[in-house]
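Me: Hello! I'd like to learn how the words used for a structure follow from its numbers. Could we go through some of them together?
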Amino acid sequence: MSRNELTAAEREELDALDRILAREPVSERHLELAALVDSVRAGAPRMDPAFAARLDAQVAERAARRRPRAVTPHLARPGLRRIALASGGLVAAAVAFTIVISSGVLNGSRHTPSVESGLGAARTVPRTPASAAPATSKRSVGPTIAAPTAGAGAGASNFAASPALHGAARLVHKDSTLTLATSPATMQSVANRIVAATERTGGVVQSSNVKIAGAASHASFTLAVPSGHLNRLIATLSALASVRALNQSTNDITDSYNQEQARLTDNAATRSALLAQLATAATAAQQTSLQKQLNRLEARIAAEHREIDRLANQGHTATLAVGVVAGASAAKHAASAGPFTTAFNRALHALEAILAIALVALAIVLPFALSALALWWGVTSVRQRARERAMRTA
Amino acid sequence: MTVIAAVPTSGPGASEQFEQLYRSSAADVYAYVASLLRDRSAAEDVTALAFERAFRRRALFDVRRGTPRSWLFAIARNAALDELRRRRRSGALLHDVADTTSELEDLDPDLADRRLLVREGLAELAAGDREVILLKFVGRLSNAELARVLRCSESNAGTRLHRAIERLREVCGVTQ
């Protein structure tokens, strides 16, 4: 028999004891137990009336001090408090999630890469596969960057150059080629978005060719866009489909521009001199000769004006050749190129970062918490054992 | 007795429940503590401390872990044992609980003899046995409440109680 098990008679006696303490009648054979209980209870120490009064006053005073808390009776209940805490936590989590999603949507809709105005300066756009492409001051073909899984923010290195020609200003013509891959089913949609994005950035479609023919579908565009908006357009187009290749080149046309300007200045001075000679020409033959020289000179000046305008236009306007090819692997990317999807992905990245921070914080806090818990448990156990020891030796 | 107004939470935290608990338990808690400590002055301090702690922790009371009465007696027991530990460390001498022998003079001699016999027998018991009997007889705790206070299983509490009663009978020379 287990040491904790009682016989039926013993259990019956304990039941009788409960009845005695509840002042219920018991059988005759338990009267002795009732007498024992009565004797123990009668011999128990009783409170001194003075102490009872002091205790009353003490408890009443404590109650009076805590009474103001009774104005929030519902929250004082542990169950309701837990519910309130849980609700508060849920609301806080919802607010945090909304903020993250909202910031992601805003970032996704803005999607504005930085465009610097320093002439000839090179600045890379973050998270851009082509960011390693070197800038070239002379016309050169930049390295082709294979980007089989380009992300939504894929763009290009930014070789922006202001066309201003004052002081050390440089005039740079930018020429880029972008090859995208998408599924045949989304070819037309991507083509439409390319046109729309070009117009949104202030550019024009100089030429386009879209062919929908299953796996042989392709599209090509020649776009002219303000130089300062080229990188933004490339980034936008890169988000429409998977980037297969990006080729960027720059051509510094400052010297040509300055040479034309110098020629124009010289010719203008020559023209002024000829006009002065013409005004003082004595003979008709002199006048005719001077007039012919003036005519030739003005033709050259007009040509120089046109060349200067062309060079300036080259510096202000960048060209972007976009090719779109069919590729099955790109279908998923093309289907998820919407701004909300981009924003959602950004939000997920933000949540991943938050989770990572939380994990790191947990990794730091957890050992301390476990140590504190173990310490608390140890102290409690030791104290309880000491109490039991005190009881045994009392 | 003064009416206590407490923060209305569940169990003893609610004003009415705490008031009821205080009214119904104060005398029993004192009797239990005084019997345990065998020092009236210390018993008063410990009883006051127990109600102070109970009032302070009333929001932590969890009805799923026992009755308010067992919760209060557990607090009183810990306070009393802490007092015993303190006295053991400091080597303080025991004062005696007030002599109630005079109360027996007015009783029937047989009853007075019996009560005196039981009182002396109780004093001879081991502290653990005496405590179990006091918690049951004076505190009027159920076996489940007893188990909660003594931090043991209910069956173990029943066994300990029955053995303590048997030992009390033995030392008192009482036969069942």
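Reply: A residue is buried if 20 or more other C-beta atoms, placed from the backbone, lie within 10 Å of its own, exposed if 12 or fewer, and partly exposed in between. This is a predicted model, in which local features need pLDDT of at least 70 and side-chain atom pairs count only at pLDDT 80 or more, while totals for chains, interfaces and linings use all residues. Residues are numbered from 1 along each chain as its sequence is written, and chains are lettered from A and ligands numbered from 1 in the order in which they are written.

Me: What makes helix H7 (residues 230–238) of chain A largely enclosed by the rest of the structure?

Reply: Nine of its nine residues are buried, so helix H7 of chain A is largely enclosed. Among the buried residues of H7(A) are Leu230(A), Arg232(A) and Ser238(A). They pack against strands S2 (172–182), S4 (218–226), S5 (242–252) and S6 (317–326) and helix H6 (187–200) of chain A. Contact here asks for C-beta atoms within 7 Å. Helices (H or I, at least four residues) and strands (E, at least two) are DSSP runs, numbered from the N terminus.

Me: Why is Arg151(B) called exposed?

Reply: Arg151(B) has 12 C-beta neighbours inside 10 Å, so it counts as exposed. Arg151(B) lies in the loop between helix H7 (143–150) and helix H8 (154–172) of chain B. Its phi is positive, about 55°, although it is not a glycine.

Me: How do you know that Arg23(A) is exposed?

Reply: Arg23(A) has 7 other C-beta atoms within 10 Å, so it is exposed. Look for Arg23(A) in the loop between helix H1 (8–21) and helix H2 (31–43) of chain A. Arg23(A) is not a glycine, yet has a positive phi of about 60°. Most residues other than glycine have a negative phi.

Me: Why are H8(A) and H9(A) called roughly antiparallel?

Reply: The axes of helix H8 (residues 254–280) and helix H9 (residues 284–316) of chain A cross at roughly 160° and come within 9 Å. Axes are lines fitted to C-alpha atoms, for helices over the stretch in contact, and angles run from 0 to 180 degrees between N-to-C directions. Angles under 35 degrees count as roughly parallel, over 145 as roughly antiparallel, 65 to 115 as roughly perpendicular and the rest as oblique. H8(A) and H9(A) are therefore roughly antiparallel to each other.

Definitions and conventions. Two residues are in contact if their C-beta atoms, placed from the backbone, lie within 7 Å.
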